[in-house]
Every structure is written in structure tokens, then in C-alpha cells.
Amino acid sequence: MSAFLAVDWGSTHLRAWRVDERRAMSAIDLERGVASLTPGQAERVFFEEVVPALSGRGLPAIMCGMVGSTLGWRTAPYVAAPAGLRDLAAGLVEAAPGIRIVPGVKRADGSDVMRGEETQAVGWLHADASRLRGARALIMPGTHSKHVRIEDGRIAGFETYMTGELFELLRRHSTLRQPVSTWSDAAFDQGAALGREMGLTALFQARARVVSGVLAAENSESFLSGALIGAECARCESASTIIGAPALARLYARVLGGTAVRDEEGDAALAGLIHIHEAAS
């Protein structure tokens, strides 16, 4: 396969690789997410910063993530679930000659959408042919966590949870904020257990327990994190596969226990971009 650039361009970060013979030869990580760009700036960032950094002049490129949203370079319309590798490859949108953007995926009724996670799912699925058969449950933790249902190698459905965003808002701008925070696995576990049992009503206990002297103030953030993830995972399958940053995946695996698997076998987004590029070629 000829060399090309692969770009995972989200709201806050841009990650890009020069790929040759299915291997990443070089990589960059920039705090140049689309949320920080002005209209039309994405194209300039790509050609003036990404291409030179990766010695990629003249190379084709494939991108995924929020770069394909209304905030990004060019809108790549969503394809409806169920959707798999071939559907995403067929839905690629050209932003400039040789520069293509992966479409997001939407639920058939339009009630939920994803951008970027579909590419991660494809990367994980196609890393092992056995994953393309039967039903799978994927959890992708993040600012907006995705719980994805896979059927025979295609995204059949999904739900979005604003857990990461809620955590940041509550710990910084609510009555639950604390000036000092020290991580505690024990406090996290207590919050997770109550979150799974009580849902979001467990959140206020992060304050009530501190006021009552049951929980150390510096551990309330750990409790809050546990309560939020516990509430999110109240109906999750214990056999889910968790795809995400190792530190965050560890917390989800801690909540789910059982046969939950953390996938840390490389970068799923990069793998997905390679597979989609190949399928489209």
C-alpha cells in the first residue's frame, strides 16, 4: 500500500500518523481540536502544520472525528446504523483532492449520533476475524461515553452518556467541588456501588457524606467519579469490551468486574483508519 496520512481529529486534540505498508512511521499529537478553530482554519492547520510535520506533501489522507462535523473542515453526513466497514468506506466525503473524511454513524431514528467512535470500533473489530461474528458489546469511555452494540461486524446500535462532561462540570462548578483532591480507590468503589444501585441520585452523597464526616473531603472527587460511572454502567453487560485510555478503562473495568476486558492492544482509531482507507481503495 502506498503511503498516506491518517488523522483522528476531535474537539480538543488532533492526532495524525504517516502510514506506510500498514505501519505508522511517524506521529504527532497537537492541541488543535476543531472546537478551538475558526471557520476555514482546519484546512490551513492541516496543510501548514500536519503535512510538514509528517513529511506528507502530496500524500492522500483519511480523517475521522469532529473534523467531519459542522465545526470542522467539511461535513461528512452520518450513515445510519447498522453500519460496518463497507458502509463507512462508501460514505467517505472529499474535503480536498485526495483528502477524505469518514462519516459518523447515527441511529436510524436520528436519536443519537457518533463521530470517531465508529472508526475505533472498526479498528477493534478487524484486528481479529473472530470478532466479526456474533454479538459484541463495546464501551468507549470519554467525554461522551458510547455503549455500542455490535452484530456480525457492524454497529447495530448505541447509546451516549455524558459522564465525562458531567464529571468536569460537577467537580469544577458545582456545590460538589473541593479545593483539594486525593485519589482513593475505596471511595471510588463506594460511589460506584451506590451509582449502580441508585443512579444519579447518588451524586449528592458526595457532599452529604463529607458534611456528615463519613467521607474525607479530599476523597469526594473519587466518590463522585465512581457514582457517575456506576450510574452509567448500571445496565451494562459484565462481558463488555472497554476501548479507551488505559487509566479510564481501568476504572470502568473496576466497576464492571466479571469478564470485562480492557483493550490496550494498540490504537483502535489508527487501525480503523487504515482498514477504511484500504476498503475505499
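**Close-up views of a predicted chain**

**Figure 1. Overall build of the chain.** The secondary structure of the chain comprises nine helices and 14 strands, where helices (H or I, at least four residues) and strands (E, at least two) are DSSP runs numbered from the N terminus. The model is predicted, and for that reason local features need pLDDT of at least 70 and side-chain atom pairs count only at pLDDT 80 or more, while totals for chains, interfaces and linings use all residues. Residues are numbered from 1 along each chain as its sequence is written, and side-chain values use heavy atoms, with hydrogens and water left out. Taken along the principal axes, the C-alpha atoms fill a box of roughly 65 × 40 × 35 Å. Buried residues account for 48% of the 281 residues, with buried meaning under 20% relative accessible area, exposed over 50%, and partly exposed in between (1.4 Å probe, protein chains only).

Figure 2. A pocket is an open set of points on a 1 Å grid over the protein atoms alone, with protein on both sides within 12 Å along at least five of seven lines, and lining residues have an atom within 4 Å of a point; grid points are joined across faces, edges and corners, and the volume is the space filled by probe spheres set on the points, the probe being 1.4 Å. Of the 34 lining residues, D8, E117, Q120, P141 and G142 lie nearest the centre. At least two lining residues come from each of strand 9 (113-114), helix 3 (117-125), helix 8 (246-256) and helix 9 (268-280). By class, the lining has 13 nonpolar, 14 polar and seven charged residues, where Ala, Val, Leu, Ile, Met, Phe, Trp, Tyr, Cys and Pro count as nonpolar, Asp, Glu, Lys and Arg as charged, and the others, Gly among them, as polar.

Figure 3. Strand 8 (residues 105-106) pairs with strand 9 in the antiparallel sense over two bridges, at least two being what DSSP must find for strands to count as paired. Within this pairing, V105 stands opposite M114 in strand 9.

Figure 4. The whole structure contains twelve salt bridges, each a side-chain nitrogen of Lys or Arg within 4 Å of a carboxyl oxygen of Asp or Glu. D8 bridges to R15, with the closest N and O atoms 2.7 Å apart; D8 is buried at 16% relative accessible area, whereas R15 is partly exposed at 24%. E49 and R32 also meet in a salt bridge (2.7 Å, N to O). This pair links distant parts of the chain, since E49 lies in helix 1 (residues 41-53) and R32 in the loop between strand 3 (23-30) and helix 1, 17 residues apart.

Figure 5. R171 and E168 form a salt bridge, their closest N and O atoms being 3.1 Å apart. Both residues lie in helix 4 (residues 163-173), three residues apart, about one turn of the helix. Salt bridges link E168, R171, R172 and E221 in a network.
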